[in-house]
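Work through the exercises below with the sequence and the model in view. Try each task before reading its solution.

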Amino acid sequence: MTVIVWIVEGTWPACVDAARRHVPEDAEIVLLHVTGPDVPAAAHGAYAGLLGRGHGRGHRAAEGWGSDPGTRLEDLAATSADALLRTAAARLARPCARQERPGRPERAVVAAADGADLLILARDGDRRHLGPHSLSPASRFVVDHAPCPVLLVWPESAPDIGTMPPPPPHAPA
């Protein structure tokens, strides 16, 4: 049995705890973190300047002027992802593989789950209410497209059932 546990900042402890509780001891567990391209890409684009002209070489107004900040952000993201995966593995307290993937998180998670027996992820939207808004668009995509069973967990206690959205005003004809 292969289980993928999607590690996301802010909700990962609930996913790791769910794996500890629900996954058999002999299962292969993969802790997966995906680093999206958005922030480094924005920094690369800002550095390139209007229409890709970049910064002039003659200006050195401050330390680091003339070096692309997107590269630094990519390095910071990799370091942060590694630390997060190490912390999650320590919390899991059993053998596991750690995997970092770049790309659009929703697509990278679905691709990583191909061939897995279970995918564990946490609700990451509006967690004050029951209902569809408790999932972000990326998590909704993963739930809708996962090629394996999904265990969807609340990062904290689930809201009261009274927070469920009301039914439609009338039934469809």
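**Exercise 1.** Find how many cavities of 30 Å³ or more the structure has, and describe the lining of the largest cavity.

*Solution.* Step 1: the search of the whole structure gives 1 cavity of 30 Å³ or more. A cavity is a set of points on a 1 Å grid over the protein atoms alone where a 1.4 Å probe fits but cannot get out, with lining residues having an atom within 4 Å of a point. The model is predicted, with pLDDT of at least 70 needed for local features and 80 or more for side-chain atom pairs, while totals for chains, interfaces and linings use all residues. Residues are numbered from 1 along each chain as its sequence is written, and side-chain values use heavy atoms, without hydrogens and water.

Step 1: the largest cavity holds about 40 Å³ of space, a volume being the space filled by probe spheres set on the points, which are joined across faces, edges and corners.

Step 2: its lining consists of W6, V8, T11, C15, L121, A122, D124 and S139.

**Exercise 2.** Decide whether strand β4 is enclosed or open, and explain why.

*Solution.* Step 1: strand β4 covers residues 118–122; strands are DSSP runs (E, at least two residues).

Terms used. On a 1 Å grid over the protein atoms alone, a cavity is a set of points where a 1.4 Å probe fits but cannot get out, and a pocket is an open set with protein on both sides within 12 Å along at least five of seven lines; lining residues have an atom within 4 Å of a point. Buried means under 20% relative accessible area, exposed over 50%, partly exposed in between (1.4 Å probe, protein chains only). Helices (H or I, at least four residues) and strands (E, at least two) are DSSP runs, numbered from the N terminus.
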